[in-house]
Amino acid sequence: MDYKGIDYRKIDVTPGMGQVDVYRLSGQRQVPVLKDGEQVISDSTAIAKYLDETYPIKPVIPLEVKAKGLSLMMEEWADEAIVPNARKLVLLALRGDTEFRTGWLPSGTPDIVKNIIGSVPGEVFDAVGAGVGVGPDAIAAAKRSLHQDLESLCLILSDSPYLTGNEPTLADFAVASASIYLKIPRGNYLDIPSSVQGRGIPGIADNLDYAPFFEWRDRLYAEVRSTTPPSGGSAGDGPTPITID
Ligand SMILES: N[C@@H](CCC(=O)N[C@@H](CS)C(=O)NCC(=O)O)C(=O)O
């Protein structure tokens with residue numbers, strides 16, 4: 001919606017209790033959900049399709065058939081391969097880096113709480129990982145997949161400024177958002193403490209081979225993402241307003 005210049009209001013949902021409202025609104029419990037007047041749409045692909053149909057300016061799903069197929073395929077790949085693999089490795093990064101671990105805590109967190117969280121032994125993370133089926137083999141497989149994914153992405157980006165051509169599409173937005181697990185962007189694009197910005201999974205976030213990928217990602221955020229908190233409605237020649245109750 002930032003890319004299309006559509007004004008919107010964002011409501012963060014608290015996992016658990018907050019999802020009751022999501023369920024009441026949309027009949028399912030996951031985000032994102034878009035409410036546009038009386039229309040309620042869940043699932044990011046369905047939302048992208050709806051936005052392109054209703055607000056055709058700057059389509060996020062390309063009209064040209066090959067780029068359209070690639071965009072939809074890459075979006076699925078970002079959600080189904082990059083995100084789950086990266087989530088597994090985030091656990092490993094939190095295990096090994098106390099500063100990364102405590103950097104997530106709100107700024108007012110008392111030192112005693114920070115110290116306790118910072119001193120949780122690595123074995124506890126191993127046990128949690130094993131408990132959710134993320135043992136050493138799963139971690140090695142996730143690493144292999146991500147290295148191959150990043151090599152592929154760098155190859156694609158060496159030939160065009162965006163993943164499917166000269167304009168950003170759903171593919172770019174999906175892969176860029178999945179990449180947040182790999183390395184957190186610097187800048188006030190997301191509500192993420194500055195102490196963890198620029199940090200990420202060792203061997204990936206700091207790997208110079210993948211610098212072109214993270215440069216593309218950061219350029220996309222700088223070009224597209226609004227840094228000011230979205231507000232409801234705007235007048236004059238600003239972005240097209242959507243009414244959200
Ligand atoms: N295919 C869906 C996936 C949505 C999804 O995985 N949402 C996650 C957050 S990124 C969620 O709501 N998780 C909470 C839950 O599953 O209870 C889409 O692309 O919108």
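A salt bridge is counted here when a side-chain nitrogen of Lys or Arg lies within 4 Å of a carboxyl oxygen of Asp or Glu. The model is predicted, and local features need pLDDT of at least 70, side-chain atom pairs count only at pLDDT 80 or more, while totals for chains, interfaces and linings use all residues. Residues are numbered from 1 along each chain as its sequence is written, and side-chain values use heavy atoms, with hydrogens and water left out.

Begin by selecting D2 and R225, which form a salt bridge whose closest N and O atoms are 3.9 Å apart. D2 lies in the segment before β1 (6-7) and R225 in the loop between α9 and β4 (240-241), so the pair ties together parts that are 223 residues apart in sequence; helices (H or I, at least four residues) and strands (E, at least two) are DSSP runs, numbered from the N terminus.

Next, select E99 and R199, where another salt bridge has its closest N and O atoms 3.6 Å apart. Because E99 lies in helix α4 (residues 98-103) and R199 in the loop between α8 and α9, this pair ties together parts that are 100 residues apart in sequence.

Now turn to the largest nonpolar core, which has 46 residues, with L163, V175 and W216 among those that have the most contacts inside it. Such a core is a set of buried Ala, Val, Leu, Ile, Met, Phe, Trp, Tyr and Cys residues joined through side-chain atoms within 4.5 Å, where buried means under 20% relative accessible area, exposed over 50%, and partly exposed in between (1.4 Å probe, protein chains only). Its largest share, nine residues, comes from α3.

Finally, select the ligand, whose surroundings include Q19, R29, S44 and D79, a residue being near a molecule if one of its heavy atoms lies within 4 Å of it. A polar side-chain atom of R29 lies 2.3 Å from an oxygen atom of the ligand.

Notes: A polar contact is a pair of N or O atoms within 3.5 Å; within protein, one must be able to donate a hydrogen and the other to accept it, and residues adjacent in sequence count only if both atoms are side-chain atoms.
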